[in-house]
Amino acid sequence: MLKNMQKNGFILGAFAIAATSLVVATQYLTADRIEEQQRSELLRTLNALIPAAQHDNDLYADCTLIAAPEALGAPQQPIYRSRLDGQSNALAIRATATDGYSGNIHFLVAINVNGQVQGVRVLQHRETPGLGDKIELKKSDWVLSFDGERVRSENDSRWAVRRDNGMFDQFTGATITPRALVNAVRKAVWYGQENSQALFNAPANCYAENPEIAAIDVVEQTE
Amino acid sequence: MSSEFHTLSKDGLWENNPALVQLLGLCPLLAVSGTITNALGLGIATLLVLVGSNITVSLVRNFVPNEIRIPVFVIVIATFVTLVELTMNAFTYGLYMALGIFIPLIVTNCAIIGRAEAYASKNNWYKAGFDGLMMGLGFAAVLVALGAMRELIGQGTLFDGAELLLGEWASSLRVQLIEFDYPLLIAILPPGAFIGLGFLIAGKNWLDARKREKLAKAPVEKAQRARVTHVS
């Protein structure tokens with residue numbers, strides 16, 4: 001009985017070890033490729049928002065992790081800085097709309113130093129196919145309606161869908177999705193323009209082993 | 001010998017199809033059959049896991065005592081799913097993002113452990129591998145059929161997003177067959193998956209019933225044959 005249990009335990013252990021080594025080996029072989037994929041995916045989006053001629057730094061590397069859950073929708077979000085000849089000229093902020101129709105909507109918004117929106121791209125979402133997914137550039141060019149806009153005050157009432165008397169179209173049959181995205185973009189843009197100096201000066205720490213999240217001094221937002 | 005392989009293919013693809021007859025693995029089947037691309041991606045992933053786990057289970061069946069066979073099967077299946085997941089993450093990144101949680105969830109597809117227990121643990125490795133291949137193909141075929149139905153009715157296209165699975169050249173595969181002013185949402189949403197699967201099962205049963213009827217009508221002719229030259 002005891003001997004049998006020992007034998008079974010031994011066999012089970014051997015299987016566990018063999019299986020784990022196989023997974024470790026595959027992980028080791030694919031890790032670089034996976035990182036490369038994620039990087040190129042992000043770079044494609046970044047380059048669409050901030051054209052190559054606008055910067056001479058490595059956008060992907062010049063990235064800072066920011067803890068501003070209120071404004072950006074998640075505990076920490078990366079912000080990419082664009083600079084040309086040492087002059088900072090744009091920020092690409094990753095942010096999350098938490099009140100979509102179905103889960104979080106992750107997006108990237110780029111603003112220039114004057115606070116003008118250069119572009120918005122949705123990175124990941126689970127909105128209803130055929131209705132809410134018009135926030136993807138692949139499905140509809142609605143997301144381009146942010147281009148060139150500014151946020152004039154923290155609760156700029158123009159930043160809403162038409163049904164709420166704002167300046168952005170809603171979609172037929174889907175108001176919740178665009179409303180969530182418009183609000184989240186407004187918050188992210190306002191945060192970016194109010195803190196732009198601090199964000200440009202924050203350390204590039206996205207890829208550090210244990211990044212110390214920059215707790216930049218948030219500008220007091222007066223009414 | 002060959003007749004055994006014949007039976008295995010017939011079982012996997014039709015008679016004992018994991019999705020239409022055994023009704024196993026419905027969770028991924030219903031969840032990711034919104035487009036052909038997603039369906040095909042998950043179908044291929046499941047197929048690879050099935051073949052891999054069947055062959056491995058069959059190879060180790062003589063070393064594994066009966067009492068611990070289930071945990072061993074689970075380890076084997078989980079390993080193959082992780083390997084497939086890592087590989088998809090590395091080489092078909094777009095599809096990996098589109099399928100999301102359903103790749104790791106292949107591990108919970110009862111069709112896989114079902115085949116390991118029912119077939120692979122009792123037969124040699126090439127038969128087990130072949131059984132995995134046929135069961136996988138049967139499952140993938142139902143997935144793709146359901147994906148095609150839902151995609152066509154829901155958004156009027158076929159092969160939308162094929163480039164996620166096959167590379168950039170495949171974006172030209174996309175065909176818009178019907179233009180909707182308003183998509184037929186029910187087909188894309190989960191209820192559409194249930195209804196679609198219901199129709200597929202009903203269709204299969206109807207075909208089977210018709211076949212049985214034909215057989216029942218024709219026995220007289222067969223009985224007239226005096227000598228049976230070949231017993232199959």
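This is a predicted model: local features need pLDDT of at least 70, side-chain atom pairs count only at pLDDT 80 or more; totals for chains, interfaces and linings use all residues.
Read from the N terminus, the order of elements is α-α-α-α-α-α-α-β-α-β-α-α-α. The C-alpha trace of chain B spans about 65 × 50 × 30 Å along its principal axes. Of its 232 residues, 44% count as buried. Contacts in chain B between residues at least 6 apart in sequence can be sorted by separation, and 76% of them join residues at least 24 apart.

B:A140 gives a local example. This alanine belongs to helix α7 of chain B, which covers residues 125-155. B:A140 is counted as buried because its relative accessibility is 12%, and the limit for that class is under 20%. In sequence, 94 residues separate B:A140 from B:T46, yet the C-alpha atoms of the two are 7.8 Å apart in space.

The interior comes next. In soluble globular proteins, nonpolar side chains tend to be buried together. The largest nonpolar core of this model has 39 residues. The residues with the most contacts inside this core are A:L72, A:F107, A:V109, A:W142, A:F146 and A:V185. Several elements of chain A give two or more residues to the core: the helices α2 (69-72), α3 (176-194) and α4 (196-201), and the strands β3 (87-97), β4 (105-112) and β5 (117-124). Of these, α3(A) gives the most, with 9 residues.

With neighbours within four places in sequence left aside, A:F146 is in contact with A:V117, A:V120, A:W159, A:F168, A:V182 and A:V185. Apart from this core lies another, of 30 residues, and among its members are B:L29, B:L95, B:M135 and B:L143.

A search of the whole structure for cavities of 30 Å³ or more finds 1. The largest cavity holds about 40 Å³ of space. Its lining is made of A:A90, A:L91, A:I111, A:N112, A:V113, A:G115, A:G192, A:Q193, A:S196 and A:F200.

Among the open spaces, the second largest pocket has a volume of about 530 Å³. This pocket is lined by 24 residues, and the closest to its centre are A:G130, A:K134, A:K139, B:Q155 and B:R174. The lining of the second largest pocket comprises 7 nonpolar, 8 polar and 9 charged residues.

The last stop is A:D62, a charged residue in the loop between α1 (2-49) and β1 (63-66) of chain A. Is A:D62 buried or exposed? With a relative accessibility of 14%, A:D62 counts as buried, since the limit is under 20%. Two polar contacts involve the side chain of A:D62. One joins it to the side chain of A:N57 at 3.0 Å, and another joins it to the side chain of A:R83 at 2.7 Å. Not counting residues up to four places away in sequence, A:D62 touches A:N57, A:I79, A:Y80, A:R81, A:R83 and A:A204.

Conventions: Residues are numbered from 1 along each chain as its sequence is written. Chains are lettered from A and ligands numbered from 1 in the order in which they are written. Side-chain values use heavy atoms; hydrogens and water are left out. On a 1 Å grid over the protein atoms alone, a cavity is a set of points where a 1.4 Å probe fits but cannot get out, and a pocket is an open set with protein on both sides within 12 Å along at least five of seven lines; lining residues have an atom within 4 Å of a point. Grid points are joined across faces, edges and corners, and a volume is the space filled by probe spheres set on the points. A nonpolar core is a set of buried Ala, Val, Leu, Ile, Met, Phe, Trp, Tyr and Cys residues joined through side-chain atoms within 4.5 Å. Buried means under 20% relative accessible area, exposed over 50%, partly exposed in between (1.4 Å probe, protein chains only). Helices (H or I, at least four residues) and strands (E, at least two) are DSSP runs, numbered from the N terminus. Contact means heavy atoms within 4.5 Å. A polar contact is a pair of N or O atoms within 3.5 Å; within protein, one must be able to donate a hydrogen and the other to accept it, and residues adjacent in sequence count only if both atoms are side-chain atoms.
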